[in-house]
Amino acid sequence: MGLFDRFRKTEKRNFENPNAPVSASDFMQVMGWGDLGSSSGVTVTTDTALGVPAIWAAVNFISGTIAGLPLNVYRKTDAGRDKVSNGLSGLLHDAVNEGMSSFEWRKFSFEQVLTGGRSVSYIERSSTGEIKNIWALDPSKVRVEMLMDGRKQYRVGSRIYTANDVIDIPFMLKNDMVNHRGPIATNRDAIGMAIAASRYGSKAFQSGGIPPAVLQGPFQSGAAANRASEDIANATAKLAKEGRPIMALPLGHELKTIGLSPENMQLIELQRFSIEQIARIYSLPPVFLQDLTHGTFSNTEQQDLHFVKHCVKRWVEQFEQEINMKFFGRGSDFYVEFNVDGLLRGDLKTRMEAHATSIQNAIRTPNEVRDIENMPPMANGDDLLIQGATVPLGSQPQNVLSSGQQDGDTNV
């Protein structure tokens, strides 16, 4: 029984034996400890998958974008909300512990989510329940256990953490609400195809672009055929190294191609298709993977909106709700929220027109707009303004002729 067979056996759970590893179907394989073979014959792990430029770009782009968003703490008030500028605000905005900034923690967390499929962080509290630090954990060393009452607990070695003390961000949960599905493990065939195409292209260039071939000739023995094959291979490598395109063969010998050239295999088209497949995995517009095939100057802003609405939004909301539940509990007046306004900023003309509309319709004050544009406040800029010509219905100036008055008459 191999490693995986033993692992699969321990993964079968019931109510009497509810333990389940966080990484049951992903990390044991994706972290390189097991074989995630794809249909292309390529073993797919986190390291090999990140060797695909599109995967590398997607993971870094999404995780870096979310890590760079402002994350603030707010308190609900009768008038709306107030921003909290101390305590947890500094923890989430600046540094989550003594050795890791908030940016590093968030980027690391989403790198784990977008590769293995899950990130787990421990919330350290004081004896009074005050949150002191947040510590990122290695998901491959964490085991999640479902208790009889439906609550979860997380085991790291001999230490157990309750669900209230763990920030758990899965990519996609399975039906048991314990295990998860990771993007790399689940889509290993598509990723394996991209890896195989890249490797084939590298080998083609290594051999000077010459595909595999078979040598035919009047060989007297198998040893003679092997020597001739070695001579041809050495000659081919020498020609590729020296850049010479012509090779001479002895009379009566013939070299026939048995493999397809990169051009005949449509290797470029295959690699572009792989980029589109990877973009689908992460709900990411291909233009953000540096595939500008369908990108134009006119649709760039729409691509930004697509990225925020259909990619970043789900991760931001999942992250916010997990922190709100673990930090403040249900029904609290405090909550955290990302500010995605910076991602939705259009070009200068579009932004100025939107700002003018918001000021003229008493939606934002001039100073609020100046703060969005990183400009200092101005005097008397905290009042809501409205156009003088815009008045409530019924209070507009009247110009109605009185009874008996003729056109052209003038009232004195």
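Analyst: Let's start with Asp-165 and Arg-125, whose side chains meet in a salt bridge at 2.8 Å, N to O. A salt bridge here is a side-chain nitrogen of Lys or Arg within 4 Å of a carboxyl oxygen of Asp or Glu. Side chains of opposite charge can pair when their charged atoms come close. This pair links distant parts of the chain, 40 residues apart: Asp-165 is in the loop between strand 10 (159-162) and strand 11 (166-170), and Arg-125 is in strand 6 (residues 118-125). Helices (H or I, at least four residues) and strands (E, at least two) are DSSP runs, numbered from the N terminus. Arg-125 is partly exposed, with a relative accessible area of 25%. On this scale, buried means under 20% relative accessible area, exposed means over 50%, and partly exposed is in between (1.4 Å probe, protein chains only).

Before going on, keep in mind that this is a predicted model, where local features need pLDDT of at least 70, side-chain atom pairs count only at pLDDT 80 or more, and totals for chains, interfaces and linings use all residues. Residues are numbered from 1 along each chain as its sequence is written, and side-chain values use heavy atoms, with hydrogens and water left out.

Next comes Glu-145, which forms a salt bridge with Arg-155, their closest N and O atoms being 2.5 Å apart. Glu-145 lies in strand 8 (residues 143-146) and Arg-155 in strand 9 (residues 152-156), so the pair ties together parts that are 10 residues apart in sequence. Glu-145 counts as buried, at 3% relative accessibility, while Arg-155 is partly exposed at 27%.

A further pair is Arg-81 with Glu-337, whose side chains meet in a salt bridge of 3.0 Å, N to O. Because Arg-81 sits in strand 3 (residues 80-84) and Glu-337 in strand 14 (residues 334-338), the pair ties together parts that are 256 residues apart in sequence. Arg-81 is partly exposed at 38% relative accessibility, and Glu-337 is partly exposed at 28%. A search of the whole structure finds nine salt bridges.

Now for the wider setting. The chain has 13 helices and 14 strands, and 36% of its 412 residues count as buried. Contact means heavy atoms within 4.5 Å. Among contacts between residues at least 6 apart in sequence, 62% join residues at least 24 apart.

Two residues let you see such contacts up close. Phe-171 lies in the loop between strand 11 and helix 7 (183-186) and counts as buried, at 14% relative accessibility. Leaving out residues up to four places away in sequence, Phe-171 touches several others, including Val-113, Leu-114, Ile-281 and Trp-315. The C-alpha atoms of Phe-171 and Trp-315 are separated by 9.1 Å, though the two residues are 144 residues apart along the chain.

Leu-343, in the loop between strand 14 and helix 12 (348-360), is partly exposed, with a relative accessible area of 25%. For Leu-343 and Leu-69, 274 residues apart along the chain, the C-alpha atoms are separated by 8.7 Å.
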